[in-house]
Amino acid sequence: MTRILLRNKLDDCIAAWQKAGFSVLAPVKRHEMSSFGEVQKSGDMALDLILTERTIKDQFFPQTEPLIKYKIGKQQIDSETMTPPEKKRVFFGVRPCDASGLAIDDPLFGWDYKDDYWFRRRDNSVIVTIACAQADDFCMCTSVKLSPDSAKGADVLLRPLLEGSGWQIEVFTERGKALLEIVSSLLLEGNGHTFPLPQVPEKFDLEKVMAWLGDKENFESQFWKDIALRCVGCGSCTFLCPTCHCFDIQDEGDTYQGIRRKNWDSCSFALFTMHTSGHNPRNTQSTRWRQRIMHKFNYYRGKFGVNSCSGCGRCTRQCPVDMGITETLQAITNLPR
Amino acid sequence: MIYSPFPMRVVSKRQEAPGVNTLKLEFVKQEDHEFFKANYRTGMFGLYGVFGEGESTFCVASPETRKDYIECTFRQSGRVTSTLANTDAGDIVTFRGPYGNRFPIEQFEGKNLLFIAGGIALPPTRSVIWSCLDQREKYKNVTIVYGARTVADLVYKNELDDWKQRDDVRLVLTVDPGGETPDWQDHVGFVPTVLEQAAPSPENTIAVLCGPPIMIKFTLAALERLGFTAENVYTTLENRMKCGVGKCGRCNVGSVYICKEGPVFTAAEVQAMPQADL
Amino acid sequence: MGIQEQYRSEAAALLSSGEVKLVIGFGAGSTADRRRPLFARTPEEAEKFVLDAACIANLSTYLVAEGLLSDGKKVGVFLKPDGIRSVNILISEAQLKPEQVVILGYAIENGKDVVPLEGCNISDFSIGEKIRSHTPPTHVIEAAEKIEAMSAEERFEFWKEEFAKCIKCYACRQVCPMCYCRRCIVDVNQPQWVSTSSHTLGNFEWNLVRAFHLAGRCAACGACDRACPVNIPLRLVNYRMGKEVRSAFDYVAGENSDQKPVLASFKQDDPETFIL
């Protein structure tokens with residue numbers, strides 16, 4: 001017997017979680033943009049979106065994060081380490097690809113040196129994923145061996161009921177169990193008919209792609225120059241990616257005080273790797289696009305055993321020149337063997 | 001917390017060459033110093049910073065046998081290095097590290113050592129040189145080949161004199177053609193050429209090679225002609241870095257994160273990297 | 001022969017005669033309603049060009065790509081009136097040589113009909129009515145008027161909310177043909193004029209810097225607006241700046257290539273209303 005969360009109990013759940021000290025965040029649409037934001041009631045949520053335009057990553061790795069506050073005096077410099085808020089958070093209505101993105105980035109932020117800014121937020125968050133009921137032309141989770149109901153990165157997975165009245169619950173972690181404990185009196189016991197998962201066709205042959213990328217002969221292939229020709233070198237694919245994690249560290253302030261910040265940065269930008277001497281190891285857009293693809297489907301896998309892509313398709317969805325991971329990996333798939 | 005640097009006091013500043021300075025830094029806090037002493041090994045690097053300007057990556061130029069202080073030598077070129085170059089004794093700067101891997105000098109014991117450096121790349125080499133010279137009895141013949149563009153560009157001039165005086169070190173100094181002064185007594189020529197003329201034996205010898213990419217390329221070829229194998233040649237790579245701890249994503253050459261798996265590599269390891277990414 | 005076939009064969013002819021080394025046009029995109037920039041170097045590749053009402057991007061931005069025209073050879077490019085205005089501005093700012101650009105001009109009428117624009121050299125287009133007409137779509141004018149009707153506080157609040165969304169991906173800059181600086185002011189760090197952080201202040205700085213740098217130079221193609229992944233209505237900013245320039249100097253950017261850049265030239269009868 002599984003349990004069911006009825007849509008009309010969602011407001012009570014939110015209230016109960018809030019009472020237990022959680023902030024509740026969910027997909028919201030504000031000022032013509034969808035993202036994850038704090039909600040007070042179910043009516044604030046935009047749960048019918050296929051996917052928010054901004055990723056959930058933003059809530060764990062914000063676009064600008066204060067690290068250290070400093071004061072520059074005549075005789076001394078005072079500095080104070082700044083830490084992220086420790087508030088407990090429930091993320092309700094996360095899509096499986098976004099939740100997977102968090103799980104994909106965990107080993108990167110954790111290897112050897114632990115990034116406290118990421119993990120303090122991770123440790124205080126509970127991820128409630130809702131399986132997809134619809135997909136669009138850009139979704140490609142199945143191509144990267146995930147699915148519209150993937151539980152990767154999820155503490156709780158909800159499957160929408162056919163009649164739209166609520167969700168069937170699956171729990172995966174202790175954290176998820178504890179979250180549901182808070183609202184146990186609001187849940188029903190029972191089985192409902194769940195919405196069929198959308199058909200997301202596989203768009204490329206991942207095995208073939210990884211083999212081709214792994215062949216050193218292909219690193220300097222003309223392929224990269226041709227495929228990246230129209231790339232304009234903006235950072236939108238990286239900034240809207242649920243797994244891209246590159247950043248810059250910058251001091252910002254006046255002569256007397258300021259803040260050292262960790263800011264998003266992008267491998268698409270020429271400045272990203274440029275030495276002070278002017279030498280730039282990745283000095284063309286094609287080498288930068290190659291880096292992005294290689295990093296996601298070769299280097300990252302070598303380090304952490306997983307590809308750095310969860311198939312959300314945002315890179316293609318919002319690219320001003322209609323590029324993206326899908327096109328490149330399709331083109332590799334279609335290369336003559 | 002990660003990314004939080006140690007405050008460091010500038011003990012002294014020495015100009016090495018036009019635009020090149022060495023800072024001697026001491027730890028402000030005892031616990032930071034203890035951490036450094038427990039972790040620093042030759043070849044590792046750090047991020048040197050000034051609040052308000054940022055951080056810049058370079059090696060620790062002092063040896064692992066002298067851990068009371070940190071020395072760093074850098075060319076004044078960007079925003080951070082320009083500010084560091086304008087510090088005075090007593091000023092507070094920051095250090096984050098030591099990060100990265102190291103030269104496995106205990107594996108060098110009982111062997112001949114050949115150090116080759118070009119220009120501003122003597123500092124990382126110097127850290128290994130002194131780490132070995134401070135335990136001189138553990139190593140056999142020590143040869144240092146050092147070249148710069150001009151006589152003025154040679155760094156650590158006092159130490160070069162010192163090495164020249166020692167009879168347990170063979171020092172081969174050179175400057176590029178046209179870079180010599182009228183009273184220059186040493187070689188004139190590029191490092192690879194001078195190295196081949198000096199013809200150190202590859203027998204039981206470890207080479208440590210640091211320099212600009214173009215010098216590395218030609219010197220490796222010269223070493224190969226002398227009979228050195230790529231496994232016995234060590235070098236350090238430098239790339240732009242921001243975090244120093246394998247997260248910020250910019251320093252990799254192919255799949256290799258310079259900050260974590262480097263900066264010290266054998267020539268064989270460097271040759272296995274995608275050359276177009278260097 | 002439809003316009004698509006006509007332009008394909010024109011492009012193929014330009015390539016096979018060797019007159020141009022490259023034609024930049026549109027190809028099929030990743031979905032039925034998308035078009036993507038396509039670079040053809042051979043007549044065969046020109047067969048892949050698509051020309052229909054979905055070809056709305058301003059391809060002139062590729063003309064200032066680093067190294068593209070440095071060999072002195074000619075390039076063909078599919079351009080709508082806004083793209084032609086962009087080329088005019090680039091020529092007037094000495095970023096392009098007119099003789100290096102062969103234009104395959106077209107216009108989209110009523111949002112659906114693609115009609116050819118006569119001519120192929122930039123000088124052919126300098127006075128054409130289709131180039132002069134500078135009316136942005138109705139929804140842009142309406143949105144702009146709505147903002148103009150606001151009080152200063154409301155307006156500030158509106159833009160604060162909009163700019164708060166900015167993530168500094170610089171897509172607006174990268175797709176803009178007028179943003180050709182090899183090192184943008186925000187990428188200069190000695191001194192650091194503009195903070196790199198993407199917080200409200202930093203986002204204001206960036207978007208205002210860009211607005212001012214585009215005043216009197218914007219071709220009103222809307223590329224920035226379409227490229228913005230967080231849906232900031234950027235063209236409203238540029239529309240307003242264009243309106244200011246028009247009322248102060250009776251100047252519309254990109255009408256012809258002989259125009260002097262309005263904010264980089266001085267006339268004795270220039271209004272001095274900005275001097276308090």
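User: Where is C:Pro191 placed in chain C?

Analyst: This is a predicted model, in which local features need pLDDT of at least 70, side-chain atom pairs count only at pLDDT 80 or more, and totals for chains, interfaces and linings use all residues. Residues are numbered from 1 along each chain as its sequence is written, while chains are lettered from A and ligands numbered from 1 in the order in which they are written. C:Pro191 is placed in the loop between α7 (171-175) and α8 (200-214) of chain C. Helices (H or I, at least four residues) and strands (E, at least two) are DSSP runs, numbered from the N terminus.

User: Which residues are joined by a cis peptide bond?

Analyst: Most peptide bonds are trans. A cis bond joins C:Gln190 to C:Pro191, with omega about 0°. Another cis bond joins B:Gly97 to B:Pro98, with omega about -5°; B:Pro98 lies in strand β6 (residues 92-99) of chain B.

User: Why does C:Tyr170 count as buried?

Analyst: A residue is buried if 20 or more other C-beta atoms lie within 10 Å of its own, exposed if 12 or fewer, and partly exposed in between; C-beta atoms are placed from the backbone. C:Tyr170 counts as buried because it has 26 C-beta neighbours inside 10 Å. A:His31 has 15 such neighbours inside 10 Å and therefore counts as partly exposed.
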